[in-house]
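Student: I would like to learn how to read a few features of a protein model. Please give the general idea each time, then the case at hand.

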2 protein chains.
Amino acid sequence: MANDKKMVEAITSMDTDFAQWYTDICKKADLIDYSSVKGCMIIRPYGYAIWENIQAILDRRFKELGHENVYMPMFIPESLLNKEKDHVEGFAPEVAWVTHGGSERLTEKLCVRPTSETLFCEHYANIIKSYRDLPKLYNQWCSVVRWEKTTRPFLRSREFLWQEGHTMHETAKEAREETVQMLNVYADFHENDLAIPVVKGAKTPSDKFAGAEDTYAIEALMHDGKALQAATSHYFGDGFAKAFDITYATKENTLAHPYQTSWGCTTRMIGGIIMTHGDDNGLVLPPAVAPIQVVIIPVAAHKEGVMEAANALREKLSAHKIRVKLDDSDNSPGWKYAEYEMKGVPVRVEIGPRDIEANQCVLVMRHNREKLFVSLDGIEQTVAETLVKVRDGMYAKALENRDRRTYVCRTIDEIKESVAKGDGFVKAMWCGSEECEDEVKAQTGIGSRCIPFGDESVSDVCVCCQKPAKKLVYWAKAY
Amino acid sequence: MANDKKMVEAITSMDTDFAQWYTDICKKADLIDYSSVKGCMIIRPYGYAIWENIQAILDRRFKELGHENVYMPMFIPESLLNKEKDHVEGFAPEVAWVTHGGSERLTEKLCVRPTSETLFCEHYANIIKSYRDLPKLYNQWCSVVRWEKTTRPFLRSREFLWQEGHTMHETAKEAREETVQMLNVYADFHENDLAIPVVKGAKTPSDKFAGAEDTYAIEALMHDGKALQAATSHYFGDGFAKAFDITYATKENTLAHPYQTSWGCTTRMIGGIIMTHGDDNGLVLPPAVAPIQVVIIPVAAHKEGVMEAANALREKLSAHKIRVKLDDSDNSPGWKYAEYEMKGVPVRVEIGPRDIEANQCVLVMRHNREKLFVSLDGIEQTVAETLVKVRDGMYAKALENRDRRTYVCRTIDEIKESVAKGDGFVKAMWCGSEECEDEVKAQTGIGSRCIPFGDESVSDVCVCCQKPAKKLVYWAKAY
C-alpha cells in the first residue's frame, strides 16, 4: 500500500540538503503534486485546505476594513498592458501570451494577467466620477501567471494563487495610510496566525514593484537563513491614474486624479510556513491554518470502551469549534504518529484503556514533541489552551532562530565574516545609493531586502562607502 | 451625480426587448461592467457577492458529502488535451492557446483549461493505486475559458467562474449514483435556495458532454419562455480511465479501471436568477444568496428618534444573522426605494416617526411589492419569517410562469402551433432517433433538450415519426 511505504521512507534531513528536505515535505505531506504542465503545481486537498484557511482569515479582515471582492478578466490586451511604461517594462518579459482563440489568430494578443493594475485602472476610469465614489476598496482572489525559468512548489511557480487589493483614494495621505494599514494586516496575520516573526519595512528604490512610488514588504527568515518576502503593499501616487486618465470631481468641483495602492499575498506563504516551522519529521502547522488541528489516535482500539471514549472526545472538541479528526483506521498507532507528524498536525491526542481508567488522555505537541497527561474533565478547554500554547511556542522558536541568525555589520568585511558563518539577516547601514547596494551584493552575494520602519540604527556611516548614512537595511540572500 | 441620474433612467421593459432588459439589469444593478477584454466581463462587488453566497452554500454541501477541494494548473498541454478522442473534438475548436512565454515560443502550445477532465485524469493516474484510494471525490473552484463567438454577461462569456467536481469510483454503480446525487444537489439548491423550479433529466445522446457516456442536466424556464441549462452532471464510465491508463488493485488483487464522474455549475446561474425572477423594476434576488437581504430606510430621518430606532432595528436583525443594510445616506426615501428595487433586495423596511409612535414598521416584499405593517416586538422573527415567505412566493410565481408556458404536443403541427403562441417547454414523446430530433428542430426551430427522470408520458408514439416511443422529452429554445 502506498501509505505504508511512505512511513518507512524518511525524508531527507534539513541539514543534509535543505532544498530536497523542502521538496520532500511538499510531496510527502500531500501538499502538492506535479503534472505535465511544466512549472505549475497541483495543490492537493491537504495543501488547498491550508490555503482555504488562510483565505478565510484574510478575507474576513479585508472585509472588516471595508474592502469588497470583485472579479476581473484573466486576460490583458497588449495595448492595455502597455499603458504604464514602468509597469510593462517590469512585466512584459515574463508573461504568457495567448495568440489564438479556437482556430483563429487573434488580432491583438492577450497576456494572462501577471497582476491586474491595468485592468483595475481601466475599470476605475469608468466608475469613478465624483469624490462620492471614493475611496474604492477592491480586492480579488485569483490565479496569476509569470513565466519563471526556475520554479519551486509554492515559492516560485508559473501560476500561483493570490489576492490582489487595488484601492483608490482622494488624497495621497489616505492612500499612504492604506498602504501601511494593509502591510500591518499582513504582518499581524503572519505573527499571530502563522506564528512567523516578520520585519516590516520599505524596499529600496531598485527593488520596487514595476510602476510603484513606494513598495513595502514583510520579510521573514527561513530555517536555512534565507529571507522570504512574504507579502507586499505598494503606493502608486497618481501615476497610473494619469496614464489611465482616471479623474474625479472634487468637493470644490475641480477635476483631480485619485491616489492608488495595491497589495498582495500568495500561496508562497505556505512555503514560508514549511521553511519556518518544519523539521526533519515533516511539516509543522500553526493551529490557525491547520486543516486538522487535533488528531485523536485510539490506542488498543479493540479494547472495550476505547472507541467510545475516542468518539466522545472527538464530539466534545468538534462542538468547541476545534478542527478535529479521529483516525479509526486499522493502521498501527506508531504509523499514525509518523503520518500526522509528517502532516504537521499541531496536537495529537492518544487515548487508551489505561488513560480511560485514570480519566485522562495524552496530548503531544507537534512543534516540540512535549507530552502532557491531562484530565478528561474540561478537555475541550485544555486542548484549546494547548493550541494557543503551540502557537506561542512556535513563534518563540522561530524568533529565537531569527535572532540567532541576525548579524550586525559595520563594514563589508564584517558582512563577509557573517556570511562565512552562515546565511541570515545582516543589519547594516546604507547611504541610499544604488552603487553601494550593488557593491555589497557583488562582494558578499547578499542583496538588500528591507528598510525597517522605525529609527533603529547600528552605526552612522554606510557599510559600503563609509559616508554618512541614516538608513538601516536588512540584507540577506532571498527566495 | 451618477446615482441620481440612474434613478430617472428606467430600464427597458421586458416585453419591449427582453435581451436589452437583461443587459440593463446586469449593468444598472451594478452586477457587471465591460472592459477592453472582448467577450469577458468584470464581475462587480454586488454581482460577486451573489457568487460568494452561491459558493458558500454549495461548497458546504459538497464537503458534507465528502468532497475535497483541490487546485489544478490553468493550462493544458496540447498532447494532454488530445488523449481522449471525443473530448478533444468537443473542446479543441473553442480553446484559447498560449504559444509564447515571455519572449520565447513554447515548444508545445498550452490551452487555457476549458474544463479539467484531462488534468484530473493525469493526476488520478499518479495517486490511485489501490481500492483503498477510492473513491476520490475532488472539486475545484476556478475560472475556465471557452472562445465563444457571441457572448452575453453570465450566460455565455469567454471566461467564466465555475466549480468542477471530478470523482473516481470502484464500481459503475457507485459512479452512477454519484452522478445523480450531484444533480440532485444542484436541483435542491435551485429549488430551495434560488427559488427556481427545474426539470431534472438526461440529455439526448447528440447533446452529451464531449467524452461522457451520459449527461444529466437541470433545466429551468426563463421569463421569456426559453430554457436555461443551469447545471450538468456527467457519467464517464471507464473511458477516460482507459485513455489515461488509470488502474487500481482491487480487493481481489486484480487490476481494474475506476469509473468516473464530473459535474459543474457556473456564474450562468446568476443569469438564471435574473431571467427567472427579475421584473421591470430590476433584479429580484432570492434571500439565500442576496448580498443584502433586508434594507432599512429611515423616513424623515432628521426627526427625533428615527435614526436611533433604525439603528436599533439594524442591530437586532444583524444579531439574528440577517444580512441587513441601513441606508442613512442623504438621498430621498423615494430614490432609495427605486435603488434597492433595482438591486433586488428581498425585503425593505421603512421606519418613520409615526411608525415608531405606533411601535411598528413597514415591510415591503420585493417580488410582489406587498406591504406589511408589523409590530417592532419580535421584529427579527417577523423578518426571518418574511424572508421564508418571499422565497416561497418567488418559487410559486416562477412555477406558475413555467406551467403557463408548458405545452403538451403530440404532432409536429401541434409543436408549431405552440411555438406560434410563444416560447416555452414542449412536452412531447420521442422515439430515440437522432433523425427525429433533427427533424423537429428543422421544422419548429426548437432543439431537443432533456429527458426527465420518471415515467411520465403524454402519448405512446413519437411526435415526429409517429412510431412507438417511450421517452418523454422537454423541448425548448435554449440559452
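Tutor: A nonpolar core is a set of buried Ala, Val, Leu, Ile, Met, Phe, Trp, Tyr and Cys residues joined through C-beta atoms within 7 Å. Keep in mind that this is a predicted model.

Student: Which residues touch the most other members of the largest nonpolar core?

Tutor: In soluble globular proteins, nonpolar side chains tend to be buried together. Here the largest nonpolar core has 283 residues, and the ones that touch the most other members are Ile218(A), Ile296(A), Ile218(B) and Ile296(B). Take Ile218(B): beyond its neighbours within four places in sequence, its contacts include Leu183(B), Tyr186(B), Ala187(B), Val198(B) and Val199(B). His190(B) and Lys200(B) are also in contact with Ile218(B), as are Ala230(B) and Ala231(B).

Student: Is Ala231(A) buried or exposed?

Tutor: The test is a count of C-beta atoms, and 20 or more others within 10 Å make a residue buried. Ala231(A) has 28 within that distance, so it is buried. Ala231(A) sits in strand 11 of chain A, residues 227-237. Setting aside neighbours within four places in sequence, Ala231(A) is in contact with Tyr186(A), Ala217(A), Ile218(A), Gly264(A) and Cys265(A). Gly264(A) shows how sequence and space can be read together: 33 residues separate it from Ala231(A) in sequence, yet the C-alpha atoms are 5.9 Å apart.

Student: How do I describe a pair of helices?

Tutor: Two packed helices are described by the angle between their axes and the distance between the axes. In chain A, consider helix 14 (residues 412-421) and helix 15 (residues 434-444), whose axes come within 10 Å and cross at roughly 40°. That angle makes helix 14 of chain A oblique to helix 15 of chain A. The crossing is right-handed. Helix 14 of chain A contributes Ile412(A), Ile415(A), Lys416(A) and Val419(A) to the contact, and helix 15 of chain A contributes Val440(A), Gln443(A) and Thr444(A). By class, four residues of this contact are nonpolar, two polar and one charged.

Student: What is the crossing angle of helix 10 and helix 13 in chain B?

Tutor: Roughly 60°, with the axes of helix 10 (residues 306-319) and helix 13 (residues 379-404) of chain B coming within 9 Å. These two helices of chain B are therefore oblique to each other. Helix 10 of chain B passes helix 13 of chain B in a right-handed crossing. The residues in contact are Leu313(B), Lys316(B) and Leu317(B) from helix 10 of chain B, with Ile379(B), Glu380(B) and Val383(B) from helix 13 of chain B. Four of the residues in this contact are nonpolar, none polar and two charged.

Student: How many residues of chain A are in contact with chain B?

Tutor: 47 residues of chain A are in contact with 47 residues of chain B. Among the elements giving two or more residues to the chain A side are helix 3 (45-64), helix 6 (117-127) and strand 8 (159-169) of chain A. Strand 5 of chain A gives the most, with six residues. By class, the chain A side divides into 26 nonpolar, 12 polar and nine charged residues.

How values were computed: Residues numbered from 1 in each chain as written. Chains lettered and ligands numbered in written order. Predicted model: local features only at pLDDT ≥ 70, side-chain atom pairs only at ≥ 80, totals over all residues. Helix = DSSP H or I, 4+ residues; strand = E, 2+ residues; numbered from the N terminus. Buried ≥ 20, exposed ≤ 12 C-beta atoms within 10 Å, placed from the backbone. Contact = placed C-beta atoms within 7 Å. Axes fitted to C-alpha atoms, helices over the stretch in contact; angles between N-to-C directions. Parallel < 35°, antiparallel > 145°, perpendicular 65-115°, else oblique. Left-handed = near helix turned anticlockwise from the far one by under 90°. Nonpolar A, V, L, I, M, F, W, Y, C, P; charged D, E, K, R; others polar.
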